Amino acid sequence: MSEKNIIPEPQQSLPNTNVSNDQGLLQWISSVDHKQIGIMYLLMALLFFIVGGAFALLMRVQLAVPNNHFLSPETYNQLFTMHGTTMIFFVLMPAIFGFSVYFTPLMIGANEMAFPRLNAFSLWMTFFGGLILYFSFAAGGAPDAGWFNYAPLNEHNYSSSKGIDYYCLGLLLSGIGSLTTAINLIVTVLHYRIKGMRLNKLPLFVWMVFVNAFLIVAALPALNAALSMLILDRQFDAHFFTAAGGSALLWQHLFWLFGHPEVYIVVLPAFGIYSEVFPVFSGKPIFGYNIVAASSVAIALLAFGVWMHHMFAVGSGLVVNSFFSASSMLIGIPTGIKIFNWLATMYGGKIRFTVSMLFAIAFLIEFTIGGLTGIAFSIVPIDWQLTDTYYVVAHLHYVFIGGSVFGMMCGLFYWFPKMTGRMLNEKLGKWFFWLFVIGFNATFFVQHILGILGMARRVYTYPDYKWYGLLNFISTVGAMLMGVAGLLLVYIIFKGLRKGKKAPADPWDGFTLEWTTSSPPGLKNFDTITEVTGRRPLWDLKHPDMRDKM
Amino acid sequence: MKLLVGTEAMFFLSLIMAFIYLSVIAGYVPAEQNALNITSTGIFSIFLVASSGTFMLAERGYKKSNIKSMKVWLIVTIVLAIIFLFGQGKEYVHLIHAEQITISSSLFGTSFFTLTGFHGLHVFIGIILLSILLIMAFLGDFKKPGSNLLSTAGIYWHFVDIVWIVVFTVVYVLPKFNLIK
């Protein structure tokens, strides 16, 4: 790509080799540069996004009309499992890590991550984890028990193909990769900040990545333990989750002890991106920095106290259900506070409606819808009525797409000039935005109604009840729009890479340190760096008479 | 390393919770617990705990620039850890052959072998880590003071010990007093 003049290591560390400036693919594979690794994470996310999106389209085609037999039930099970697993573990996770490892050092004025080799290790663990998961197709069948892979469906008797073994191995590998990245990020933030940037002056994106890394360190081991137990069950006939003695509920507890924090893991960095984008495109500092920062910590802590709300239907009794119902409602508060902070940031600002800002604004609306349906779910009787219906599907897509994916798009359009040195086409970008948002709402809004009507999720077809056919058809048309939007995105990216306008160092009139270096940054991020006294170092540099007061 | 230990602690917490959880639900046969020989494992545990002490002595040797004492205590630490693993192996052989308890035979077998097995794996990794330090010491890498390699490895090694104390308490001691059914 455009970062051609980068050598992977300083020459003196490779004494007997001649390092030419451009070694093509080898240079990327052997790279320990945090910028190249970040870009590779993002490319990996894009690759799996296309694959996972294609699965979703296949499912929507199957569901377009009642009693359809385009896909067999077995294939359908594999598709929805692989769609969910791919999107969460191999699209959203790599995407957040891509932005995290690329921009954390740049925004704190560092030249590298704390452990560059560990960084490369994490990337390749994650990537090969993904490949192993996909190898299951060649090994007799993909996993077919859903992304949360409930026991006993995940046991041999119910899923006899090798798919779930590959699921375990793939997620274990990528889980180790995520853990090491998180540790790397924490150490980087703690030890590599430029002089003057105290923790309370961190850019909010870095702050959220930092908080998020602690979430990963605490949550991922529960999944790793559960996966290890499952593999012992399947390969060595152990009895953790089997009907013969073990407990299927144990899997649910362990999985959601990881799984609910995981939901916040993929959305917190997105919150961080919004917290950068709103101020820049409103021309104002963020409203209530301290409160935004503190509410992230609150979300991270509360995330560990709500996992049972995924399990209201298992019959845990009134006390347990009430507790988790209350805690789940509680977690809406810090998130709501953030929404108001972002709104207040825009209030009275000179708003520039770039594609990035459009995604941020759309996020406010869509995520609030997803949040409201989430609050509805924390009311136990409503959950009992709606669990395992399309209402859940609608809810989770509103938070995952409206929260996380919009955040990734927002970050992509915001930072693409910095990463590649070229601008993305804003006009095509707006086409993409509207196609994607309209398609997204058409696909998932009607699913709320389908859920209330009682349509069960994860069933390969449905009978021809009143409204079912029409609403599902609307949903499929929406999904096709999203598919077209996805192709358009790929086109925009590759067009931008090849023919995009050259980007200046600071195309958006930004506030933070990454905009002080060239676009794209050289192998060494910074030679000299501006003095940091406030939360917006670049603003202070540009407006010495209007410096932020701390 | 502290972060790594933190995440490892969560991993073991999950396994231990699973052990306790499985021991209170139906289908668990408490009698199998009696197959464990608390005395012999207790003695082997002392070796492991002692290895934490000898490691601290190795660290003290390094701080005083007494490389020879450091090497000796590192060797002692490794030997103690190997003795512990030997004890664990002996117990496994006994359970599998004499008592017919395996990972697939029962709930107890499943959670026992998984929990202690994962701990044993960590001890083994620790031995590799210590051996690397020892080799480095013999190659002369520790001639200068000020390296934090030893104290970093120490965090891990003490952690593995502490986990064992918890595991030993939960798996061997508490059932004796019927604190876990």
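**Briefing: helix packing, core and confidence in a predicted complex**

In chain A, the axes of helix H2 (residues 34-62) and helix H4 (residues 116-135) come within 10 Å and cross at roughly 10°. Axes here are lines fitted to C-alpha atoms, for helices over the stretch in contact, with angles from 0 to 180 degrees between N-to-C directions. Residues are numbered from 1 along each chain as its sequence is written, while chains are lettered from A and ligands numbered from 1 in the order in which they are written.

**The H2(A)–H4(A) contact**

- H2(A) contributes A:His34, A:Ile37, A:Met40, A:Tyr41, A:Met44 and A:Phe48 to its contact with H4(A).
- From H4(A) come A:Pro116, A:Asn119, A:Ala120, A:Leu123, A:Phe127 and A:Gly130.
- Residues are in contact if their C-beta atoms, placed from the backbone, lie within 7 Å.
- The residues of this contact divide into nine nonpolar, three polar and no charged.
- Nonpolar covers Ala, Val, Leu, Ile, Met, Phe, Trp, Tyr, Cys and Pro; charged covers Asp, Glu, Lys and Arg; the others, Gly among them, are polar.

- A:Leu42 sits in helix H2 of chain A.
- A:Leu42 counts as buried because it has 23 C-beta neighbours inside 10 Å.
- The cut-offs are 20 or more other C-beta atoms within 10 Å for buried, 12 or fewer for exposed, and in between for partly exposed, with C-beta atoms placed from the backbone.
- Beyond four places in sequence, A:Leu42 is in contact with A:Ala95 and A:Gly98.
- A:Leu42 and A:Tyr102 lie 60 residues apart in sequence, with 9.8 Å between their C-alpha atoms.
- A:Ile493 belongs to helix H14 (residues 468-499) of chain A.
- With 18 C-beta neighbours inside 10 Å, A:Ile493 is partly exposed.
- The C-alpha atoms of A:Ile493 and A:Phe413 are 9.6 Å apart, across 80 residues of chain.

**Nonpolar core**

- The largest nonpolar core has 203 residues.
- Such a core is a set of buried Ala, Val, Leu, Ile, Met, Phe, Trp, Tyr and Cys residues joined through C-beta atoms within 7 Å.
- A:Ala226, A:Tyr274, A:Val277, A:Phe359 and A:Cys410 touch the most other members.
- Helix H6 (residues 204-236) of chain A gives the most to this core, with 23 residues.
- Leaving out residues up to four places away in sequence, A:Val277 touches A:Ser356, A:Met357, A:Ala360, A:Cys410 and A:Tyr414.

**Chain B**

- Chain B has five helices and zero strands, in the order α-α-α-α-α along the sequence.
- Helices (H or I, at least four residues) and strands (E, at least two) are DSSP runs, numbered from the N terminus.
- Of the 181 residues in chain B, 33% are buried.

**Confidence**

- The complex has an ipTM of 0.80 and a pTM of 0.89 from the predictor.
- pLDDT is the predictor's confidence in each residue, from 0 to 100.
- Chain A has a mean pLDDT of 88, with 95% of its residues at 70 or more.
- Chain B has a mean pLDDT of 81, with 86% of its residues at 70 or more.
- Residues 1-20 of chain A stay under 50 in pLDDT.
- Where pLDDT is low, the predicted coordinates should not be read in detail.

Terms used: Predicted model: local features only at pLDDT ≥ 70, side-chain atom pairs only at ≥ 80, totals over all residues. Contact = placed C-beta atoms within 7 Å.
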